[in-house]
Amino acid sequence: MPQPLAIFFYERLMPGSQLVNRLQDLNYRVLALDNAARLAATVQREMPLLVFADLDAKGDVTAAIKKIKADEATSHVPIVGFAPDNAPDLLTAGQESGANLAVTESALTGHLSQILEQALHVD
């Protein structure tokens with residue numbers, strides 16, 4: 001069975017690389033990106049099962065999320081936005097842009113399996 005693909009957009013080494021490694025341990029194939037401007041096009045080309053987006057990165061991450069959600073071909077892809085624990089405004093912006101979940105870095109690192117389950121839950 002092929003490994004599901006997760007696209008992980010981050011610029012900061014921590015927690016980015018740690019979470020990429022944990023996803024790989026959970027048998028995900030991970031495509032790491034460090035450029036917000038390429039996120040929407042990469043999602044359209046690769047059609048991942050899931051996207052993680054660092055809301056605290058440079059560039060317009062929320063615009064990339066909006067573009068993914070506005071595109072009929074990619075609107076179904078779950079997006080988990082994450083931000084530092086002390087940045088509730090970034091979490092709000094992530095939710096408003098269309099992220100399915102917006103969580104703190106400590107929640108993501110501490111509860112990755114549960115967040116994956118919630119993001120991938122089909123109603």
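**Entry 1: two helices in contact**

I began with the place where two helices touch, and I noted that Thr62, Ile65 and Lys66 in α3 meet Ala93, Gly94 and Ser97 in α4. I keep in mind throughout that the model is a predicted one.

Two packed helices are described by the angle between their axes and the distance between the axes, and I looked up both values. The axes of α3 (residues 61-70) and α4 come within 8 Å and cross at roughly 20 degrees. Angles under 35 degrees count as roughly parallel, and α3 and α4 are therefore roughly parallel to each other. I also wrote down that the crossing in which α3 passes α4 is right-handed.

**Entry 2: the sheet**

Next I asked myself in what order the strands of the open sheet stand. There are 5 strands, in the order β2-β1-β3-β4-β5, and their pairing is parallel. At the edges I found β2 (29-33) and β5 (101-104), and because each has a single partner strand, one side of each is left without a neighbour in the sheet. On average, neighbouring strands of this sheet are turned by 20 degrees against each other, if direction is ignored.

I then followed β4 to its partners on either hand. With β3 (residues 50-54), strand β4 (residues 79-83) pairs in the parallel sense over 4 bridges, and here Val51 stands opposite Ile79 in β4. The pairing of β4 with β5 is likewise parallel and has 4 bridges, with Phe82 standing opposite Val103 in β5.

For β5 I checked where the side chains go: Leu101 and Val103 point one way from the strand, Ala102 and Thr104 point the other way, and all are buried. Returning to α4 (residues 88-97), I saw that this helix lies across β4 and β5 and runs at about 165 degrees to β5.

**Entry 3: Asp56**

Last, I looked at one residue in a loop, Asp56, which is found between β3 and α3.

Notes. Residues numbered from 1 in each chain as written. Predicted model: local features only at pLDDT ≥ 70, side-chain atom pairs only at ≥ 80, totals over all residues. Heavy atoms only, no water. Pairing = 2+ DSSP bridges. Axes fitted to C-alpha atoms, helices over the stretch in contact; angles between N-to-C directions. Contact = heavy atoms within 4.5 Å. Parallel < 35°, antiparallel > 145°, perpendicular 65-115°, else oblique. Left-handed = near helix turned anticlockwise from the far one by under 90°. Buried < 20%, exposed > 50% of the residue type's maximum accessible area, 1.4 Å probe, protein only.
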